[in-house]
Amino acid sequence: MLEVVFSDSAAGTMSVALGHKYKIGGATAVIVANDVGEKDRTITQAEIEKFQHEAEERERSGWENAIPFEGNRENIINFPLALSVGNITETGIGSEREKAISLLMGIFPGMAFQVVNDLLNTAHKSYAMLMEQIQKGEPIRVWVSREPDAMCGLYWLMEQLIPIGLEKLEVTLVGLPAWERRPDGCIVQYTGWGEIEPYRFGEMALLGKKLPINYLRSLANRWEELQQENATLRAVLNGKLVSVPDSLYDTFILRELEKQEDEFKEAQLVGQVLGKYQLGIGDAWIALRIEQFIRDGLLIPITAPESDAPIYHRILQKARKN
C-alpha cells in the first residue's frame, strides 16, 4: 500500500513509525510553562527532570503498547507542494508550483534555493512512483488533516488520477482527529500529522475509510472549480475548502500586533499568531503578510536579520499615527 502525505513533517513522522523498534535512549524534549498567575515563578531543575522523566516514560509505554504500523518507508508518497498558495491552473507539478514554493521559502534567504529544489524533487519522484504503482493496482492510503495544504493535496490528487480511471482505484482516507482526550484527562488538539507521536500511526490507520467512486469524483470536480477560481489563497472554512483573499489571516496578525510594544521582535509576533490560533498554516505566509504591512507603511524595520536567518528575525517598530 502506498502512504500519501502532503508535508515533510508528516512524511518524517511516518518514516519513524514504519517498522520502528523502540529503543531506550532516544531524544525527548519537553516544554514547561507556568500556570496562570505563576508567570514569574522559576521552574526548578528538579521539576524539569521530573517532567522529562514522565515524557520518557510515556514514550516508552507508547512504543511497548503500540498497534504495529506495517509497511515500507519506500512506499511513502510525499507531495509537499503548498497547494493552498498561488496559481493552481496547471496540471501536474510545473513552473507555477515552483513559483509558489519559492515565494514561501523566500523568507529563508540562506537556504531557499536548496529547499525549493529538495521539495520539488521529492514531489516529482513521488508523482512518478505513484503513477507507476497505481496503474499496477496498488492501493493508496491518503492521510489528511485540516491543514489547507493537506486538504488541497487530497483534492488535487484525485484530479491527477482522473486519466487513470477513478473507478479502478482503491483509496482509503485517514482523517486526523481534531481533538482527543488522553488517559490523564488532558485534551489535545491537532492540526497536522507531524504532531502525532510515531507509535500511534498503527492506531490511527484503523480510522481509515475506503472512499466510494462518487466521492472521489466530487473531490476531483471541486479541484477543477478551484482551478477556475484560481485565487491567491485557499483555506478550510467550516470544514470546506474554499478560495479566499490573501488578506484572510490579517485579522489574527493585527490582533496580536496590537498587543506588542512600539518596538518588538517580529519572530515573537509570528510565533504568537501560529501558537494561539492554530490556523494550520506555517510561518512563511504570516511573514509574507507582515512584509505587506511594511510596504503599506504600517511597520518599520529597525534591524536586519543575519544573512542566514529567516527574514522575520529582526526588530520592527510600529509606524506613528498622524
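Predicted model: local features only at pLDDT ≥ 70, side-chain atom pairs only at ≥ 80, totals over all residues.
Are W143 and F201 buried or exposed? Both W143 and F201 are buried.

At one end of the order, β7 pairs with strand β4 (residues 171-175). The sense is antiparallel, and the pairing runs over two bridges. In one of these strands, β7, K210 is the bridge partner of T172.

## Helices on this sheet

## Aromatic pairs

How many aromatic pairs does a search of the whole structure find? The search finds 10. One of them joins Y127 and W156. The two ring centres are 6.2 Å apart, with 50° between the planes, and the pair is tilted. Y127 sits in helix α4 (residues 112-134) and W156 in helix α5, so the pair ties together parts that are 29 residues apart in sequence. Y127 is partly exposed, at 21% relative accessibility. W156 is buried, with a relative accessible area of 2%.

A further pair is formed by W143 and F201. Their ring centres lie 5.3 Å apart and their planes meet at 45°, so this pair is tilted. W143 belongs to strand β3 and F201 to helix α6 (residues 201-205), so the pair ties together parts that are 58 residues apart in sequence. Ring pairs also build a cluster, made of F69, W143, W193 and F201.

Helix α2 takes in residues 45-64. It has 20 residues, and at 1.5 Å a residue these should span 28 Å. The end C-alpha atoms are 29 Å apart, which agrees.

Which residues of α2 are buried? A55, G62 and W63 are buried there. These residues cover an arc of only 95° around the axis, which puts them on the same side of α2. A46 and E64 are on the other side, and they are exposed. The buried residues of α2 pack against α1.

## E3 and N75

E3 has its place in strand β1. Its relative accessibility is 2%; buried means under 20%, so E3 counts as buried. What is E3 in contact with, leaving aside its neighbours within four places in sequence? The partners are M14, F69, N75, I76, I77, R141 and W143. Among them, F69 and W143 also belong to the ring cluster. In sequence, E3 and L274 are 271 residues apart. In space, E3 and L274 are 28 Å apart, C-alpha to C-alpha.

N75 lies in the loop between α2 and β2. At 18% relative accessibility, N75 counts as buried. Not counting residues up to four places away in sequence, N75 touches M1, L2, E3 and M129.

## The three-strand sheet

Another open sheet has three strands, in the order β10-β12-β11. The pairing here is antiparallel. β10 (263-265) and β11 (299-301) stand at the edges. Each has a single partner strand, so one side of each is left without a neighbour in the sheet. Direction ignored, neighbouring strands of this sheet are turned by 35° against each other on average.

β10 pairs with strand β12 (residues 315-318) in the antiparallel sense, over three bridges. Which residue of β12 is the bridge partner of E263? The partner is Q317. Helix α10 (residues 283-295) packs on this sheet. It touches β11 and β12, and its direction makes about 100° with that of β11.

Notes
Residues numbered from 1 in each chain as written. Heavy atoms only, no water. Pairing = 2+ DSSP bridges. Helix = DSSP H or I, 4+ residues; strand = E, 2+ residues; numbered from the N terminus. Phe/Tyr/Trp six-rings, centres within 6.5 Å; stacked < 30°, edge-to-face > 60°. Buried < 20%, exposed > 50% of the residue type's maximum accessible area, 1.4 Å probe, protein only. Expected span 1.5 Å × (residues − 1). Arc of directions from axis to C-beta. Contact = heavy atoms within 4.5 Å. Axes fitted to C-alpha atoms, helices over the stretch in contact; angles between N-to-C directions.
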